[in-house]
Amino acid sequence: MWIGRDLSNALLGAATQRPALLLSGARQTGKSSLLRRAFPEAAYVSFDRPAVSEEADSNPTRFLEQFKDQVILDEIQNAPTLFRELKARIDARREHKGKWLLTGSQHFPLMKGVSESLAGRIRVFDLDTLSIDEVLKAKLGVSDYLWKGGYPELWSQPGLVAGEFFDDYVTTYLERDLRTLLDVGSLRTFDRFLRLCTLRCANLLNYSDLARDTGISPVTAKSWVQTLEVSGIVSLLEPFFSNQSKRLVKTPKLYFRDVGLLAFFLGVSSEASWRRSSLQGLLWENLVFGELLRGLKAKGKQRFLFFWRDKDSHEVDFLIEKEGAIVAVEAKAAERPALSEVHFRQLEKCFPRKRIIKCIACTHAGPRPSTVADDVWLWNPLHHGFSAFWKAVYEGEDG
């Protein structure tokens, strides 16, 4: 079963403008499937096969000469010598738009090759797992999205058990690829590090505490978190300050890019286990983060997402900068959360010259986002998706 991706039209459009495209993202987000679906006539080569990557690396000129028309070069970071040869071919035939379609999942070697050889010649896209909007458009129920997440294989193969998928994913990709990339000697240490990251999700990230509990140095802990981030496994959310330079030096919060992977690590596999979990709110907040991040990326506004916390520890989970206003979103794993539990008033006092658009992301089951007292929006991502939030909450006050 094919599930349409919101990125498809952007890829097709870019292929008419640039000689090369790069689709990056974590393993199993559907990069190669999306390109093969969007460009069905293109040849396809996977560099996950050692014999193919060795052939390309040993003689890149001869290897690329065989492709007269459009070609998908999958996991190209495994054949790094191709980048220079691609540069030469693109410079020789700039009129050939969209001929070279690349994918990659190991961000460090991938982006090094792009920046050194293909800068100005390539359009780069980042693919996340399925959003709730994409699942809803496919007319699939999303009631189990909170512990299933958005990896496409889990939705295209209904009989696949989420726990088994994630067990294989952690063993095959996280423990193999990332351990190799980081040159980690102890599997037990790296596994402990991953699980400690899940327990710090939706919280301020303290590298010293994480390092102490893992049994590694703070420098190593920071390096490992950065690798998880550029590999598409986690994201770091910066705090909001009117002074933009302060955002770069203050403590970020840690989130997982896919809530299903987080749920797997936390042992949540059903609504009953979620309801029983002491980390119920943590999972819900991570789901809200994921939907906001995916939706804002699609709008080209991912750099406008922050959290807010003052010196008295008053906090609002998510802020979205908007011209002349701030959209404030608080995640609450309840159907009708008490407004007294949300720090919107403190936020308004902190930014008296800004118009504050207030929203609580909760399990409210209305047919669409709605307002309650004090003009606070209620939005349930599982019922409405990001598109409804954008139309009602972000754009609503502007008519």
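**View 1. Strands S2 and S3 run parallel and are joined by 4 bridges.** Strand S3 comprises residues 71-74, and within it Asp-74 stands opposite Ser-46. Two strands count as paired if DSSP finds at least two bridges between them; strands (E, at least two residues) and helices (H or I, at least four) are DSSP runs, numbered from the N terminus. This is a predicted model, in which local features need pLDDT of at least 70, side-chain atom pairs count only at pLDDT 80 or more, and totals for chains, interfaces and linings use all residues. Residues are numbered from 1 along each chain as its sequence is written, and side-chain values use heavy atoms, with hydrogens and water left out.

**View 2. An open sheet is formed by 5 strands with parallel pairing.** The order is S2-S3-S4-S1-S5. At the edges, S2 (43-46) and S5 (122-126) each pair on one side only.

**View 3. Helix H2 (residues 31-38) packs on the sheet.** In contact (heavy atoms within 4.5 Å) with this helix are S1 (20-24), S2, S3 and S4 (100-104).

**View 4. The largest nonpolar core has 81 residues.** Such a core is a set of buried Ala, Val, Leu, Ile, Met, Phe, Trp, Tyr and Cys residues joined through side-chain atoms within 4.5 Å, where buried means under 20% relative accessible area (1.4 Å probe, protein chains only). Ile-233, Leu-261, Val-288, Leu-292, Phe-318 and Phe-389 touch the most other members. Helix H17 (residues 280-298) supplies the largest share, 9 residues.

**View 5. Another core, of 22 residues, lies apart from the largest one.** Among its members are Val-45, Ala-79, Phe-83 and Leu-102.

How values were computed:
Axes are lines fitted to C-alpha atoms, for helices over the stretch in contact, and angles run from 0 to 180 degrees between N-to-C directions. Buried means under 20% relative accessible area, exposed over 50%, partly exposed in between (1.4 Å probe, protein chains only).
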